[in-house]
Amino acid sequence: MKRVGIVDTTFARYDMARAAMDELKQLCNVKFERRTVPGIKDLPVESKVLLEGGCDIVIVFGMPGAKPIDKQCAHEASSGLINAQLFTNKHVIEVFVFEDEAHNEKELADLADRRAREHARNVYRLLFKPEELTKLAGTGQREGTPDAGPLRR
Amino acid sequence: MKRVGIVDTTFARYDMARAAMDELKQLCNVKFERRTVPGIKDLPVESKVLLEGGCDIVIVFGMPGAKPIDKQCAHEASSGLINAQLFTNKHVIEVFVFEDEAHNEKELADLADRRAREHARNVYRLLFKPEELTKLAGTGQREGTPDAGPLRR
Amino acid sequence: MKRVGIVDTTFARYDMARAAMDELKQLCNVKFERRTVPGIKDLPVESKVLLEGGCDIVIVFGMPGAKPIDKQCAHEASSGLINAQLFTNKHVIEVFVFEDEAHNEKELADLADRRAREHARNVYRLLFKPEELTKLAGTGQREGTPDAGPLRR
Amino acid sequence: MKRVGIVDTTFARYDMARAAMDELKQLCNVKFERRTVPGIKDLPVESKVLLEGGCDIVIVFGMPGAKPIDKQCAHEASSGLINAQLFTNKHVIEVFVFEDEAHNEKELADLADRRAREHARNVYRLLFKPEELTKLAGTGQREGTPDAGPLRR
Amino acid sequence: MKRVGIVDTTFARYDMARAAMDELKQLCNVKFERRTVPGIKDLPVESKVLLEGGCDIVIVFGMPGAKPIDKQCAHEASSGLINAQLFTNKHVIEVFVFEDEAHNEKELADLADRRAREHARNVYRLLFKPEELTKLAGTGQREGTPDAGPLRR
């Protein structure tokens, strides 16, 4: 059975991991290994440990704030996550929701829930149906917001 | 036969991979291995896996948005792609088209198509005709837009 | 007995390491290894040396200034700390307090003390009670400032 | 005989490689290995391949545009070039001329020619006369523009 | 006898290396290995070569200009220096003086001289008296400018 690592933070304000696991369970039968760390900069090493411990893929969840320093932290986390992937040759799907992507708390929670679920579907495809991703290549898919769609010529 | 890895995203709004493969087929006989990932930050590890799996070169395609955070994502992806190359000693040709490079969807699609095709020619040259690249050294070549040409003195 | 590395700087204006060690001693019985370096850019290598020398986790403390160049130094230090973790597969908990996070010296000292102590509790949980972190996943925890709490829908 | 790697781009608008090789030939007897790649982000891996293939040093030439995204590309290329050096323990001398460093095409071409030649002299010194560099330490040398000179007290 | 690597640039406008070596000689008996490179982006690999060649620590000296592109170069150099440390598990003490830190050339030279000397003392402490650094932890030490001191509560 495929093993899916789940890493989230105590900093985020919505339990995206639960939403993603709920979605994945409806799509396939996988084994979860869940870890929680304080903040997004703690995600890279935890992801690497899970991948080297046998997980086939990892999904990470984070909710950076709206200030410039938060964008910088997200940049550091994302760069570290890419390095974790390069060290292990496995994917880490990053689900980040920035606080300034929504106008109020309800919108932000809804966005976080949808993005987590739609990225769970990406994880499912990467593990079991890569050909579905290629069918969607260049079609303007978005996670949590309406798809942009292919360019109209 | 040379093997060319192709990695694109479901996020992009134009099928640049198809354009590039079409162009390459007119230039040479190579074997393609195509993978599609959700977004540009997923390109580095997929490229590394293909290069270590026997591809001689990889072309990646992405279409980052126009917001500052999109530029940051592109920066993270590009840095990861450079690392993937340094780890494998092979080239990854990055074909990124930024949404703010064109004024409307048609222009953007046309730009994406041309850039994909012109970079396909770069891949052909890197694989089979490196001396053609040296003939073009310092001549202000551009991909998808008119060449800047050599400086006039 | 678990070994906890402590690395701080002579640049910072508050002894956060002492506060964190005081807090940790009230929570558990661990062995400390403390090192002090000049500035935050010296933290990554010192952390790596401690982790490779047997520490199970490291906490680092820094107090970057308020100018853009200080933010850049913090960025370099944070990136290096993430790399140190990826090289060792162990956590480094980063406790940084930016000078512009408070309005006066007393507020800044209080913030630094609280953040150091709250991150000490994160270290305790990572070492001994990871399930407590998962209970707090997505609940908007903050270190040194009031918790943001989960999103209200 | 020392081997000097030369890597330039088809993107640049001046043949800086030729200028540098011409200058080096007047200073010493070395063997050149020249490669041309499409853009500056392709320089790091090509440099690493040359260094691992026996070159003692590499000079790279690039001419980034004047837009913010061009500065970002230059940043990615420079970071990759530093990594290529760290992986091989050999120098890569980076000769970049930014389009906004000059007021017109003639000035830009002249600047590019001078900078390429002056950096060729740096390569000569690194290979054969390191003590000449130490004599110039802290004296405000510039490549392609007038030297700033040592600080006047 | 401890070996101290010294790497500086021909770009800088003050001989900080000489000031630092003069200061260190008054504090302890060490063997110096000095190298000079063109600019700050050449410092990382030279530092790594010295550290792997037996130096116990390296001090590097640089004087970046005041323009945004100079800050970017400094960022690239600093990141590379942190990587050089992570690869070797030894310290590189970075002594950078930015041109916009002073109002005139005399002030800048004085600042550079003082900063070089004060960081030489940091090198001395890291090599021989680490406990002195811990006594100074969190006390707001500055190099080349007046100490900020500990926070007043």
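Colleague: Let's start inside chain A: at roughly what angle do the axes of H2(A) and H3(A) cross?
Modeller: In this predicted model, helices are DSSP runs (H or I, at least four residues), as are strands (E, at least two), and both are numbered from the N terminus. An axis is a line fitted to C-alpha atoms, for helices over the stretch in contact, and angles run from 0 to 180 degrees between N-to-C directions. The axes of H2(A) and H3(A) come within 8 Å and cross at roughly 20°.

Colleague: Is H2(A) roughly parallel or roughly antiparallel to H3(A)?
Modeller: Angles under 35 degrees count as roughly parallel, over 145 as roughly antiparallel, 65 to 115 as roughly perpendicular and the rest as oblique. The axes here cross at roughly 20°. That makes the arrangement of H2(A) and H3(A) roughly parallel.

Colleague: Is the crossing of H2(A) and H3(A) left-handed or right-handed?
Modeller: A crossing is left-handed if the near helix is turned anticlockwise from the far one by less than a right angle, and right-handed if clockwise. For H2(A) and H3(A), the crossing is right-handed.

Colleague: How many charged residues does the contact of H2(A) with H3(A) have?
Modeller: Two residues are in contact if their C-beta atoms, placed from the backbone, lie within 7 Å. H2(A) brings A:Leu43, A:Pro44 and A:Leu51 among others, and these residues meet a group in H3(A) that includes A:Ala77, A:Leu81 and A:Phe87. For classes, Ala, Val, Leu, Ile, Met, Phe, Trp, Tyr, Cys and Pro are nonpolar, Asp, Glu, Lys and Arg charged, and the others, Gly among them, polar. By that division the contact has seven nonpolar residues and four polar ones, while the charged residues number two.

Colleague: What is the radius of gyration of chain A?
Modeller: Chain A has five helices and four strands, in the order β-α-β-α-β-α-β-α-α along the sequence. The globule rule (2.2 Å times the number of residues to the power 0.38) is set beside a radius taken over C-alpha atoms. For 153 residues the rule gives 15 Å, and chain A comes close to it, so the chain is as compact as a globular protein of that length, with a radius of gyration of 15 Å.

Colleague: Which element of chain A gives the most to the side that touches chain C?
Modeller: On this side, 32 residues of chain A are in contact with 28 residues of chain C. The elements giving two or more residues are H1, E2, H2, H3 and H4 of chain A. With eight residues, the most comes from H3(A).

Colleague: Which kind of axis relates chain D and chain E?
Modeller: Chain D can be laid on chain E with an RMSD of 0.0 Å, by a turn of 72° and a shift of 0.0 Å along the axis. That is the relation of an axis that is five-fold.

Colleague: How many residues does H3(D) give to the side of chain D that touches chain E?
Modeller: Here 28 residues of chain D are in contact with 32 residues of chain E. H3, E4 and H5 of chain D each give two or more residues. The largest share comes from H3(D), and the number of residues is seven.

Colleague: How far apart are the closest C-alpha atoms of chain B and chain C?
Modeller: No contact joins these two chains. Their closest C-alpha atoms lie apart by 12 Å.

Colleague: Is H1(B) oblique or roughly parallel to H4(B)?
Modeller: The axes of H1(B) and H4(B) come within 8 Å and cross at roughly 40°. That makes the placement of H1(B) against H4(B) oblique.

How values were computed:
Residues are numbered from 1 along each chain as its sequence is written. Chains are lettered from A and ligands numbered from 1 in the order in which they are written. This is a predicted model: local features need pLDDT of at least 70, side-chain atom pairs count only at pLDDT 80 or more; totals for chains, interfaces and linings use all residues. Copies are superposed by least squares on the C-alpha atoms of residues with pLDDT of at least 70 in both.
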